[in-house]
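Subject: A structure for you to look at

Hello,

I am passing this structure on to you, with some notes to read beside it. Please open it first and then carry on below.

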Amino acid sequence: MGLLDGLKGKAGTLAGKATELIGDNSDKVKNGIGKAGGYVDSRTHGKYSHHITGVQAKASEMVDRIDKKDGKGDVGPTSPPAV
């Protein structure tokens, strides 16, 4: 077993744990996405609002996809809470 094989195995394990944590705490993750976006938007004085909103939407969709994959039900895409 080479070094890269060992790293691939650890990366897979970490990805599984991250997926499980996101699935178990999807509401908290989405709240964090909203708060982080609001913070960055306030620090840039709204200059990149369009980009920040797009990233928040994509991140929220990813959380929904992970949540759905975990079998938590049919969860439609939702936007992060406004901050």
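**The salt bridge**

K30 and D64 join their side chains in a salt bridge, with 2.4 Å from N to O (the term stands for a side-chain nitrogen of Lys or Arg within 4 Å of a carboxyl oxygen of Asp or Glu). A search of the whole structure turns up one salt bridge. K30 belongs to helix 2 (residues 26–43) and D64 to helix 3, so the pair ties together parts that are 34 residues apart in sequence. In general, side chains of opposite charge can pair when their charged atoms come close.

Are the two partners buried or exposed? K30 counts as buried at 11% relative accessibility, and D64 is buried too, with a relative accessible area of 5%. Here buried means under 20% relative accessible area, exposed over 50%, and partly exposed in between, with a 1.4 Å probe and protein chains only.

**Where the model comes from**

This is a predicted model, in which local features need pLDDT of at least 70 and side-chain atom pairs count only at pLDDT 80 or more, while totals for chains, interfaces and linings use all residues. Residues are numbered from 1 along each chain as its sequence is written, and side-chain values use heavy atoms, leaving out hydrogens and water.

**The overall picture**

The protein chain has three helices and zero strands, so named because helices (H or I, at least four residues) and strands (E, at least two) are DSSP runs, numbered from the N terminus. Of its 83 residues, 17% count as buried. The chain exposes about 6200 Å², and carbon and sulfur atoms supply 61% of that; the areas come from the Shrake-Rupley method with a 1.4 Å probe, and for residues only the protein chains shown count as cover. Among contacts between residues at least 6 apart in sequence, 59% join residues at least 24 apart, where contact means heavy atoms within 4.5 Å.

**How the helices pack**

Helix 2 and helix 3 pack at an angle of about 170°, with their axes 10 Å apart. Axes are lines fitted to C-alpha atoms, for helices over the stretch in contact, and angles run from 0 to 180 degrees between N-to-C directions. The two helices are therefore roughly antiparallel to each other; angles under 35 degrees count as roughly parallel, over 145 as roughly antiparallel, 65 to 115 as roughly perpendicular and the rest as oblique. The residues in this contact include V29, K30 and I33 of helix 2 and A59, V63 and D64 of helix 3. By class, the contact of helix 2 with helix 3 has six nonpolar, seven polar and four charged residues. Ala, Val, Leu, Ile, Met, Phe, Trp, Tyr, Cys and Pro count as nonpolar, Asp, Glu, Lys and Arg as charged, and the others, Gly among them, as polar.

How do helix 1 and helix 3 pack? Helix 1 (residues 3–24) meets helix 3 (residues 49–69) at about 95°, with the axes 9 Å apart, and these helices are therefore roughly perpendicular. T19, I22 and G23 of helix 1 touch V63, I66 and D67 of helix 3.

**Two histidines**

H45 sits in the loop between helix 2 and helix 3 and is exposed, with a relative accessible area of 74%. H45 has a positive phi of about 55° although it is not a glycine. H51 is in helix 3 and counts as exposed at 54% relative accessibility.

Best wishes
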